[in-house]
Amino acid sequence: MSKDKVFSQKMKDIESFEFNEEVTNVFDDMITRSVPFYKEIHALILDIFSKVPTDGELIYDLGCSTGTTIQLLHKSIKNQKGQPNFIGIDSSESMIKTCREKLSREKNLNFELINKKIQDVELQSSKIIIMNYTLQFIPTEKRLSILKKVYQSLKKGGIFIMSEKIRPEFEDIEEVVTELYYDFKRRNGYSNLEIMQKREALEKVLIPNTIKEQKTLLKDAGFKSYDTIFQWYNFSSFIGIK
C-alpha cells in the first residue's frame, strides 16, 4: 500500500480533486487515514451480509474504487453452495484497472467491472447494493434518480447500504465537528498543509447532504424502511430495505 502524499507539497494552483492514477495509487492508504472507522464500516457491512442468503445472487458495489469491499465480502463467504455474482461500477478508469488486478487474484470470485458513471448504467435485479462514499461526488440534481434506480433494481427484501460524509444542519455544530475531523486526520499523520490543500481541492467536488436530506432522498426513492446505522461526527451510514 503506497502512502498518500498527494497534497504533501505546497501547490501554487490547486485543481479540483479527481480519482486519477495518482490518487488511485495511494487510495487504499488515503481512505483508511481519511475516513473515520473505515474498517469498522466494512465489518458492519460484513455482519449484514452474513445474515442474507446470497447463493447465486447479484450484488452491486456502486463506486467500487479499488475493490476492497468486494474482496472482503468474497473472503467472508462460508458454507454456501453457489457464489454470488459481484458487479463493481466506477467512473475512474484507473480505479477499475486496479480493482480488476486486485480481484483477479482471488479464487472463485465471480465479478464484472463497469467503467461508467452510475447514472449511465442500467441496474439488474439484485439482492444487495452497496454505495460507500460515492453519492457525495455525484451532482445533487442526479442523486434522487440514482437512488430510485437502486430501489427499483432491488428484489423484495433486498438491502441497500450507503455511507457518506454528511453536513450538520447547524453551522456552529459544523464548525466543531469539522475541527474534530481535522484532529482525526492529524492523528493519522496528515499535516495542516495537506488537510487545507485537500479541502480546497474537494470544495466544489464533494457536496455532502445532511442526515435529514439523505433520509428524504431514501424515502422519495421508494424506501419505506430506512434508517441511520452508524454515525461519527460528519460521517454516517444508512440502510434501506425494500
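Predicted model: local features only at pLDDT ≥ 70, side-chain atom pairs only at ≥ 80, totals over all residues.
**Entry 1: aromatic pairs**

I searched the whole structure for aromatic pairs and got 14. I looked at Phe7 and Phe17 to begin with. Their rings are stacked, with 20° between the planes and 6.4 Å from centre to centre. Stacked here calls for planes under 30 degrees apart, so 20° qualifies. Both Phe7 and Phe17 lie in the segment before α1, which covers 21–34. They are ten residues apart in sequence, so the pair ties together those two parts of the segment. I then checked burial. Phe7 is buried, at a relative accessible area of 8%. Phe17 is buried too, with a value of 8%.

Next I picked Tyr151 and Phe223. How are their planes set, stacked or edge-to-face? They are edge-to-face, with 75° between the planes and 4.9 Å between the centres. Tyr151 sits in helix α5 (residues 140–153), while Phe223 sits in the loop between α8 (211–221) and β6 (225–232). These parts are 72 residues apart in sequence, so the pair ties them together. Both Tyr151 and Phe223 are buried.

**Entry 2: a cluster, and charges over rings**

I found one aromatic cluster formed by Phe37, Tyr133, Tyr181, Tyr182, Phe184, Phe230, Trp232, Tyr233 and Phe235. I return to two of its members, Tyr182 and Phe37, below.

I also looked for charged side chains over ring faces. Tyr151 turned up again: Lys242 lies over its face, 4.7 Å from the ring centre. So Tyr151 has Phe223 as an edge-to-face partner and Lys242 over its face. Which residue lies over the face of Tyr190? That is Arg33, at 3.9 Å from the ring centre.

**Entry 3: two helices crossing**

I turned to helix α6 (residues 171–187) and helix α7 (residues 192–202). Their axes come within 10 Å and cross at roughly 130°. That angle makes α6 oblique to α7. The crossing is right-handed. Which residues meet there? From α6 I noted Tyr182, Lys185 and Arg186. From α7 I noted Asn192, Ile195, Met196, Lys198 and Arg199.

Most residues other than glycine have a negative phi.

I placed Phe37 in the loop between α1 and α2 (38–50). Is Phe37 buried or partly exposed? Its relative accessible area is 36%, so it counts as partly exposed.

Ser65 is in the loop between β1 (58–62) and α3 (68–76). Its relative accessible area is 13%. Buried means under 20%, so Ser65 is buried.

**Entry 4: His74**

I finished with His74, which is in helix α3. His74 counts as buried, at 9% relative accessibility. What does His74 touch, leaving aside neighbours within four places in sequence? I listed its contacts as Gln83, Phe86, Glu106, Lys107, Asn108 and Leu109.

How values were computed: Residues numbered from 1 in each chain as written. Heavy atoms only, no water. Phe/Tyr/Trp six-rings, centres within 6.5 Å; stacked < 30°, edge-to-face > 60°. Helix = DSSP H or I, 4+ residues; strand = E, 2+ residues; numbered from the N terminus. Buried < 20%, exposed > 50% of the residue type's maximum accessible area, 1.4 Å probe, protein only. Lys NZ or Arg CZ within 6 Å of the ring centre and 35° of its normal. Axes fitted to C-alpha atoms, helices over the stretch in contact; angles between N-to-C directions. Parallel < 35°, antiparallel > 145°, perpendicular 65-115°, else oblique. Left-handed = near helix turned anticlockwise from the far one by under 90°. Contact = heavy atoms within 4.5 Å.
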